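Here's a quick briefing on one structure. Have a look at the sequence and the model, then read on.

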Amino acid sequence: MSAPRRAGEKLFAACGAVITGTIVVLVLAPVVLTVLLSFSNDAAIQFPPQSWGVQRYLDLAASTKWLTALWLSVRLALTSATIAFVLGVGALLAIHRTRLPLRSWLEQAGIVSLLIPMSAYSVAMYSVFSQLGLLGSFLGLALAHAVLALPFIILVGSASMRGVPPDLELTAITLGASRARAWGGITLRLVTPALAGGFVMAFQTSFEEAVFVNFLGGPGLVTLPKAIFDSVQFGSDPVITAISASIVLISSVAVALPLALTRGARR
Amino acid sequence: MNTIEERPQQASTAGPPTAPPAGRHAVELIGLGKSYGPETAVAGVDLAVEHGELIAILGASGSGKSTLLKMVAGFEGPSRGRILLHGQDVSSLSPADREIGMVVQNYALFPHLSVARNVEYGLRMRKWPKRERAERVAEMLERMRLSALGDRLPRQLSGGQQQRVAIARALAYSPRIMLMDEPLGALDKALKQDLVEEIHRVHREFATTILYVTHDREEAMTLADRVVLMRDGRMAACAPVEELYLRPPTAYAAGFFSGANLVPARVVDRVEGRARVEIGGRTLDTTCPVDPLGSPVTAAVRPVCVVLDPPDDAWALEGEVTDRLFLGDSVQLKLAYSDADTSGVVSCLLPATAPGLPGAVGEKVRFGFTPDTARIVPDDQETR
Amino acid sequence: MATVETVRPAKGRVRARPWRPEAGPVTGLLLAAPMLVAIVLFVAFPLVQVFVDASSGGVPVQRYTDVFTNPVSRRALATTLTDSALVAVVTVALGAVIAWTLHTTARRWVRVLLWTTALVPFWMGMIIKNYAIYLLLAANGPLNALLMGLGVVDSPLSLLYTKFAVVYGISYSLLPYAVLALYSVFVQVDRSLLSSAAVLGAGRAQVLATVVAPLVRGGVLVALALIFLLSIGFYVTPIMLGGLQTPFMATVINQQVFSLYDFPGAAASAAILLVIAFVVVATILALAGGKTLRRML
């Protein structure tokens, strides 16, 4: 290989590394910044912070406004993830283990909500919810979130179901199991890790969702994202940095822990 | 002490696992057929299997052997005919009600259950009391030499151990029959030999009736009491192993099962169960199993029966060595021949120490076979 | 063969029809029914209802034409489409660099770092990541501090409420989708192909252009369309980071519903967005088919 050519190769590789590095910085900077600012005791957010401390976490712990919103978000996310889970598991069995006509369409139907532009979808849902009298209803909002979360259960669950050999179930049935027991004890048991992952994603979808809440929740249902959204629009409250940092840390652990555990188990 | 012995259908030691009703076959297939639309996968199979027999269902892929087994297991509903297990018509029962044990390729062990829990699964589904379950699992693990592995998960086992677990699980509740679907299909040759011996031992010790589907004639030969040869959804042959090997009824059976050379032949005349057959210009007297007049026939000759420099009472052909493989104790030659009527290649297996062994490709040789070793069979090669 | 008369009746439930490995259509329908009801009620019904609302009150066509003639919404529509196109190009380009490095790198720490980078926006939550970018871009935020510290500018730039802020914010949210979608495309390029091409004398850039590009072109097009589709619906980012200076359709819809109480107008705006989304989805399906889309999601 000639010298200029080798230099060209090096330049090419270096460019790649610089671009990659820039992306990493652009993605991680906001996170690091938020965590950093959350440990400042300044009265208002400023950079660089003039004082350090955990005052914002203390304020958060003392604030009924934020804790109420947080608790509502948790309940809402649990409810909608559960609804999505139940709807999704039924559909997954129908798609993969029955002779229902058009069952492959069912899978497309389950993920279609992922592709609808949210700003248009919310207007559409607002109209339907007002006709059905569901505006401001906890259960209504939970159902709406469940429809948004459903694609994750379906996508993750379907991929996992395809990986379970049908022989396992058939063998269980020759051993005397009813179809229901073979489904529950073998197939669903084996896709449980994937479904648990889908459940977590469904929870996350509802927990972070701010658009449906804005349109469908009314004044009565102020979830955490809605509270932050409102607060930012009317001048931001420094406590938000503490909330953000906590959520980032908790979700990092929630994502990293299973990965670390499975890696440990595989070794 | 032995609560298991009190259950008539769960006798656990020697003898057929279920006391067979007198005069009944373990399995009876009556006109069993399966069609998918216009496609016929299995066409009217009749078969009766004795208690404790191991029947190999042998065939190439697409021959209908797997469909046949799936119908017996209950995974496929037959289009025609009936299935009787121990004299009971099970055609309309679900697989769960048929009292069968099944071992499939890759074994389908439940990956999330320990070895002991896998073996116990069928007993739990059949609602055996806890204490009897534990006793039976311990007994099965003992008999399958798995006692030390009861707490392991399937993925921690070797291929051979996995097979033993699959067999233990299938036999734990003493099914009427055991179905094995290509259990050795995905294994390499060395491991295969060990597992074939294991299956042989299980069959002997448990005296279970086994239907064993395979595409490998050596597996079928080693294991089976009788072989059912499937071809295009039909039963091409059904005979005890040695019978089928030494006296195949058709050219297809001779080629597929005995690995015989098929040399075109011509029946000149027929006298009282014997026929005068002409091959390579020489006409000799031989026995003939079917009435061959008017239909094409073939001489089926296994490679070991081909001789060089044939004597006068043997059919003889002129040929040329086209390939020579040294196999250790023996040498395999490929001999190409052609004369006025016909041409072909004959494979010939000779002892490596035989005198006058042709040494090189291209060498001209005279070879042949005697009427005792060649079998004149109807030529069904073309019927597809 | 057995004489038929003496066959003993079988134990167990005698079935009228043969048993099949899959459960029947009725069971399937019962299992799928809850989801079907939810989808009819909360996906199909709303999507139809938007068009009904937009056409209500005897002015069926006018509200749609209003979207194009009203200068505010026309500008918003144009901004939505151009910014989304920009987002698609930027996100797919950056996502491709990450996904390709993930596919080719042998270094473990690089993989861990890049997967973290790719997935962090996913786990931060829509509001929180926009808030974090808001802090980063604020007049007294670190980016301005850095620029002033380096002497690039003398007074703080107004980075917030600009096209840059909106594109950064949306790209940030969509980067995980781009990386995952492109990674699923790239893993199908066998790495041994690359070394074979290199052995034949191709440089890295040549390998990418002559071997990789033809193999992944279709997947990249689908990824572009997918990111564009997801981008046009963004609501939170244009409002939080774009404000009224760079209005998206979302901003217009927000005003129509919450300030002007013009619900039919909002429905018409939404309907236009839906039609655009439908066209994009149809294009993706024509380009690649449903299976590819499902795999890339």
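For chain A, an unreviewed UniProt entry lists "transmembrane region" at residues 12-39, 69-93, 105-129, 135-161, 182-203 and 239-261; the positions follow the numbering used here, feature names are shortened, and annotations may be inferred rather than shown by experiment. This is a predicted model, where local features need pLDDT of at least 70, side-chain atom pairs count only at pLDDT 80 or more, and totals for chains, interfaces and linings use all residues. Residues are numbered from 1 along each chain as its sequence is written, with chains lettered from A and ligands numbered from 1 in the order in which they are written.

- Residues 135-161 of chain A come out at 89% helix and 0% strand, and here the end C-alpha atoms are 36 Å apart.

**Helix 7 of chain A**
- Seven of the nine residues in helix 7 (residues 166-174) of chain A are buried, meaning 20 or more other C-beta atoms, placed from the backbone, lie within 10 Å of a residue's own.
- Among the buried ones are A:L168, A:E169 and A:T174.
- The cover includes helix 8 (179-208) of chain A, plus helix 2 (65-73), strand 6 (100-104) and helix 3 (115-125) of chain B.
- Just after helix 7 of chain A, A:G176 has a positive phi of about 110°.

**Domains of chain B**
- Chain B is split into domain 1 (3-245) and domain 2 (252-378), with bounds from an automatic or database domain assignment.
- The C-alpha centres of domain 1 and domain 2 of chain B are 39 Å apart.

Technical notes. Helix = DSSP H or I, 4+ residues; strand = E, 2+ residues; numbered from the N terminus. Buried ≥ 20, exposed ≤ 12 C-beta atoms within 10 Å, placed from the backbone. Contact = placed C-beta atoms within 7 Å.
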